[in-house]
Amino acid sequence: KELRPVPEGVTAESIYEKYIEALGGRSKLEKVKSLYREMSMEVAGAPMELLMVSAKQKGMFLQEIKMGENVVQKQVFDGKNGKSGGMMGSKELTEEDLENMAKEAELFPVLNYNDEGNSFRVDGIEEINGSDAYKVMITDKDENTSVEYFDVESGLLVKSIQTVEGENGESQTITTEVNSYTEVDGIMFRDEVLQTAGEQSFTIRNKETRVNDKLDKKMFAVK
């Protein structure tokens, strides 16, 4: 796609700071102690429910995917130890898995965009779904690259592309398109997301988002 130059003064830092502001502002996001999110999604025609819960204290995290009453996949992290299981059985977690879980537990990872050892390059302005978006290339400390697109007008993230290594060692590209946002307690959350991984694509829709809910610590128990 055709890229146009960005206006003078636009940098990766200004783009990410505008994104943080568009989400609700740094001070408001930093006051969030927990997030509870229920979502629906359909994979290969099968409806599923997705639950994601994060607690800032200790960095606890829970993700559960259910089809009816059956747990397809469940990941729990208590801030130190984690487990992963589901219909396909449980999985022994590596140090890298635990590191990834700790990252998932972050309520708003963008607040630390400068602390992760990432480098950024603003490539230009590209049209995404009829609107102009800044294209930002990100290289992490392990030399993995990803791309993020931010709406020029709203400042919100509208698309991301990342390549991950699958369980068989083959790389897979995951494209995430944010179709809409919803506001909860003055903070913008993704409302509808289209995710494509290889040949499979599915839409994730927000059902309920609760901010600073009183959480039962038992849900993060690693047994």
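Predicted model: local features only at pLDDT ≥ 70, side-chain atom pairs only at ≥ 80, totals over all residues.
**Strands E1 to E3**

Strand E1 (residues 34–43) runs antiparallel to E2, and ten bridges join the two. They form a hairpin with two residues between them, and in its turn Ala44 has a positive phi of about 50°. On its other pairing, E2 meets strand E3 (residues 60–67), again in the antiparallel sense, over seven bridges. The hairpin of E2 and E3 has four residues between the strands, and here Lys58 takes a positive phi near 70°.

Strand E2 (residues 46–55) is largely enclosed by the rest of the structure, because seven of its ten residues are buried. Glu49 can be followed across these pairings: Glu49 in E2 is the bridge partner of Ser40, and the bridge partner of Glu49 in E3 is Lys66. Glu49 itself is partly exposed, with a relative accessible area of 35%.

**Salt bridges**

The structure holds nine salt bridges. Glu49 takes part in one of them, with Lys207, where the closest N and O atoms are 2.8 Å apart. Since Glu49 belongs to strand E2 and Lys207 to strand E12 (residues 200–211), this pair ties together parts that are 158 residues apart in sequence. Lys207 is partly exposed, at a relative accessible area of 47%.

A further salt bridge joins the side chains of Lys74 and Glu64, with an N to O distance of 3.9 Å. Lys74 lies in strand E4 (residues 70–77) and Glu64 in strand E3, so this contact ties together parts that are ten residues apart in sequence. Lys74 counts as partly exposed at 30% relative accessibility, whereas Glu64, at 15%, counts as buried because the limit for that class is under 20%.

Arg210 and Glu208 also meet through their side chains in a salt bridge, at 2.8 Å from N to O. Arg210 is partly exposed, with 28% relative accessibility, and Glu208 is likewise partly exposed, with 30%.

**Exposed loop residues**

| Residue | Relative accessible area |
|---|---|
| Asp115 | 60% |
| Asn129 | 61% |
| Glu143 | 61% |
| Asp185 | 55% |

Asp115 is placed in the loop between H3 and strand E6 (119–128). Its C-alpha atom is separated by 20 Å from that of Ser160, a residue 45 positions away along the chain. The loop between E6 and E7 contains Asn129, whose phi is near 50°, a positive value in a residue other than glycine. Asp185 lies in the loop between strand E10 (171–184) and strand E11 (187–197); Asp185 is not a glycine, yet has a positive phi of about 50°.

**Negative surface patch**

Glu143 is found in the loop between strand E7 (131–139) and strand E8 (145–151). Glu143 belongs to a negative surface patch, together with Glu95, Glu96, Glu99, Asp142 and Glu165. Helix H3 (residues 95–104) supplies the largest share of this patch, with three residues.

Methods
Residues numbered from 1 in each chain as written. Heavy atoms only, no water. Patch = residues over 30% accessible without salt bridge, like charges linked within 9 Å, V, L, I, M, F, W, Y side chains within 5 Å. Areas by Shrake-Rupley, 256 points an atom, 1.4 Å probe, with all protein chains shown as cover. Salt bridge = Lys/Arg side-chain N within 4 Å of Asp/Glu carboxyl O. Lys, Arg positive; Asp, Glu negative; His and termini not counted. Charge placed at Lys NZ, Arg CZ, Asp CG, Glu CD. Buried < 20%, exposed > 50% of the residue type's maximum accessible area, 1.4 Å probe, protein only. Pairing = 2+ DSSP bridges.
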